[in-house]
Structures are given as structure tokens and as C-alpha cells.
Amino acid sequence: AFAELFMKGNMHFSIYRLLCGILLKISPDNFIDLIILFQLLCGVIISFLVVYVSRRLGYRKNSAMLCGILCASYSTAMIYECFTLPESFFVFFCFLSVAGFFYFRKRNSASALVFSGILFCLPALTRISGMLWSLSLILIFYFYRSLKRIKLKQASKGAIFFFSFAGFLGILIIVSLFNVIKGHNFLPLPAIPDIKYIISAGNSNTIIPSDYSRYEEDASADKSVKLSVSKLFEKFLMVFHHREIPNNINCYFISDVMFPLMWTIKSRIILPVSITGILILLFEFKFFSRFSILFAYLIFLTLPMVVFLPLARYRLALYPVFCIFAVYPMVFLEHKLQAKTYQKYLATAVFFALITLSILFTNDYKYSSLRATDLISFAIGMEECAYDDLSVEMVYREAFMLETNAQSAIYLSSFLMKKNDFAGAVAVLRNFY
């Protein structure tokens, strides 16, 4: 529907809508399959980009390949690549900009600088939360070139600034003109954010995965637009927690019960080791080293999530960087074990201490990510696959026991009535009607 609306000029420009609209024109009957195919292709390319960036960071070939393998087998990314959501394309363009930074940082031609500006603009044109990263990246790129004094042929720093920003601003101007011609706001954004809703939803009373609907209720009732510092800190910690807050897709439920996802890499494996890698880098004072671009990536893509909500679909943008950080402890340990004897023991002690702290930090979350709606969806799928009635009923009853509300009661009673168990259906609905 959104692809049709965009092609008719009824929606703001975004790269995702443009691609979907083109695929809709090419193959109206199969364009959903084509979108998923493109998203899977983006996932494959991201894995190669992770290998490329890891090599630029100084990883050996085997370590860089391990980063790519972790990225390629990350279950959450695989799941989202099979749904028609902009997340996969957003991750692709965000990390493509990181790879572009390493590629263009030593290119001296004017065309290279212009193209780098265009590349850095793409995350902002895919999702509004990418605007902060795009603006930050173009500034980081300029200051890096200036500090390293890598200039154009006989050109000044002003020329570097002009050519890199020319590509960046040129794309934004074109998108603004497109939006104006189509009768929309001139802002070159995929959507106009509702600041009051974003802040009030972020200030909701609780962060419980099984009760995401409460966010909308609280947001509509809360008229305050003041940021809560305690909530900001709580959501910042959740960004680095191995559990994710699901809304429309519960990644943990799906990946734990479906083959072959049950054998893929989960965030409960990646996040503790990744946090260890981050702590080691900070311990070595490498925040301003070549890893600084990855730290900037984390910071400027985390800030919008901290203001709003660190939902699973939004945190997906960080997984390529998490995979790179996750391998660094092994790179660190390998390097230190080749040093003097006392450094070997120190490195080993630091390594295992940080691993332990990371695991303790990421396993103290007291809420389960499983929701009644996940079990209901699973039961519906079982019905479609002709499972026996007893197995399906058990799943519906488990959903009803997990969250005893009207929704789970309706699904359970509807199934019971299909079996002509009207007495059982009445017993379930009696407390609600």
C-alpha cells in the first residue's frame, strides 16, 4: 500500500519507498518477493562490508572473516530481512557509509569527495533517525581530512569542505524539490516526526516487552515533553542488553523455535562479548584511534533510540558494529599472549574479568520477551500447517495463561468453538463479558 501511495505522490520521499515503488512497477504480482530478495542481498553485502571494515581496523584475515561470519549468521537480521520493513535497508546504508568513510578517507579527487557526500546522506533518506548520523559523519569526515591534511590536488581545506558538502546538500535539495512538487513539506525527511509523541512515549512508566501497547496509551495521555534523565539512562542500558524489546516481531520467540534459526548467532551471545570488546578498547584508551568511527556510529545511532525506545527493530542498525567489537577480545588476547610473561597473565585476567562482568550485566533483565500475541501467532501457524487440535489448543491456553486478557480469551474461545466445545468457550469468556 505504501509503495502505491508513494508512486501516486501521496507520501514523502524515502529510498525504501522509492525502491518498493520501482519493484511494484516492474512486477506487481511478485514485488513483495523481490523486496525480500533485495533485503537478503543487502544482508549478504553487509557481511562483506564488515570484513572490509575489520581489515581497515587492523584485524587479521581470520579475525575479519569471523566478524563477517557472525554478521551473516545473526538471527535477528535474518528475520527482519524476510519482512517488508525498512530496517534492513537502513542498516545497509548506515554501515555502507562506514565502509565509504574508510574507502574515501584517502581519495583525493573532487568526484570522490562529492560521491562520499552523497553516500553519507543515504541513511537520513531511509529513516529519520539516520539524520543525526549522516550530519555527524559528514562533519567527522571533513575534520578527519583536515587534521590528516589529506587534500585535493593543490586544493585548500575549503575545497575539501565544498566538494564533500556539495554531494551531501545536493541530494537533500533534490529530495526537498521532489517533496514540494508532490505537495508535501519541503523538509528532506522520510517523515515529519511528532516530537511530543516521541518524548512522551519515551517517558512511559515502564519498559515491559509484553505490554508495548501501553506506550501508545501513555503517549496520548501524557502532555509533558520533558525528558526523564532516569528513563534515558535506563534505555541507554537496554541498548547494550542482550534482550530486545519486541513490538511487531518477537525475534527471540521466532529464532528459538524455528529451524534453522535456532542454530544461528543470537544477541545473547554477541552482546556480552561485544561489550567486553568495547571495555577493552576503552581500557586501552583507543576511543580516539581508528576505532573512533565505530564509537561515533554507536553514539549517534543510539541517541535517537534513547530518546524514543530501544526496540529490537531500531537496535538492528547496531549489529554490524557489535559483531566487529565481539571479535576484538580475541584480537586483544592473541596480541597480548605474544608479549612478555606478566602481560600474558594480565591480559588473560582482564579478558575473563570483563567477560564475566558483561555476562552478569546482560543477564539481570527481569522481564520475559515472550508475549501472548507471539503464542497466538504460533498457534495460528500451527492451524495452517494442520497440526493436531490438542497441540494447537495447548498453545492457545498457554497464551491465555501468560496474559489473561480479552484478546487471548477470544482466540482461545474461537478455537474451542471450532471444535464444538461451546461449554469450554463460555467458561473462558465468562469473566470478560
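**Entry 1: Ser 47**

I began with Ser 47, which is found in helix α3 (residues 31-56). I note at once that the model is predicted. I looked up its contacts next, leaving aside residues up to four places away in sequence: Ser 47 touches Gly 68, Cys 71 and Ala 72.

**Entry 2: the chain as a whole**

I turned to the protein chain and found 22 helices and zero strands. The chain has 433 residues, and buried residues make up 51% of them. I also looked at how far apart in sequence the contacting residues lie. Of the contacts with a separation of 6 or more, 70% are accounted for by residues 24 or more positions apart.

**Entry 3: helix α7**

I examined helix α7, which covers residues 110-126. Its 17 residues reach 26 Å from first C-alpha to last, close to the 24 Å expected at 1.5 Å a residue. How many residues of α7 are buried? I recorded 12 of 17, and the helix is thus mostly covered. Among the buried residues I listed Ala 112, Leu 113, Ser 116 and Gly 117. The list also includes the run from Leu 119 through Phe 120, Cys 121, Leu 122, Pro 123, Ala 124 and Leu 125 to Thr 126.

**Entry 4: helix α21 and its buried side**

I checked the length of helix α21 (residues 406-418). At 1.5 Å a residue its 13 residues should span 18 Å, and the end C-alpha atoms are 18 Å apart, which agrees. Which residues of α21 are buried? I found Ser 408, Ala 409, Leu 412, Ser 413, Phe 415 and Leu 416. They cover an arc of only 160° around the axis, so they lie on the same side of α21. I set beside this a general point: an α-helix has 3.6 residues a turn, so residues three or four places apart point the same way. What covers the buried residues of α21 includes α19 (372-384), α20 (389-402) and α22 (422-429). After α21 comes Asn 420, with a positive phi near 65°.

I repeated the length check for α19. Its 13 residues should span 18 Å at 1.5 Å a residue, and its end C-alpha atoms are 19 Å apart, which agrees. The buried residues of α19 are Ala 372, Asp 374, Leu 375, Ile 376, Ala 379 and Met 382. Ala 386 follows α19, and its phi is positive, near 60°.

I then looked at how α19 packs with α21: the angle is about 20° and the axes are 10 Å apart. Because of this angle, α19 is roughly parallel to α21. The crossing of the two is left-handed. From α19, Thr 373, Ile 376, Ile 380 and Glu 383 meet Gln 407, Ser 408, Tyr 411, Phe 415 and Lys 418 in α21.

**Entry 5: helix α20 against α21**

At what angle do α20 and α21 pack? I noted about 160°, with the axes 9 Å apart. That angle makes α20 roughly antiparallel to α21. The contact involves Asp 389, Val 392, Glu 393, Tyr 396, Arg 397, Ala 399 and Phe 400 of α20. On the α21 side I recorded Ser 408, Ala 409, Tyr 411, Leu 412, Phe 415 and Leu 416. α20 passes α21 in a left-handed crossing.

Technical notes. Residues are numbered from 1 along each chain as its sequence is written. This is a predicted model: local features need pLDDT of at least 70, side-chain atom pairs count only at pLDDT 80 or more; totals for chains, interfaces and linings use all residues. Side-chain values use heavy atoms; hydrogens and water are left out. Helices (H or I, at least four residues) and strands (E, at least two) are DSSP runs, numbered from the N terminus. The expected span of a helix is 1.5 Å times one less than its number of residues. Buried means under 20% relative accessible area, exposed over 50%, partly exposed in between (1.4 Å probe, protein chains only). The arc is that of the directions from the helix axis to the C-beta atoms. Contact means heavy atoms within 4.5 Å. Axes are lines fitted to C-alpha atoms, for helices over the stretch in contact, and angles run from 0 to 180 degrees between N-to-C directions. Angles under 35 degrees count as roughly parallel, over 145 as roughly antiparallel, 65 to 115 as roughly perpendicular and the rest as oblique. A crossing is left-handed if the near helix is turned anticlockwise from the far one by less than a right angle, and right-handed if clockwise.
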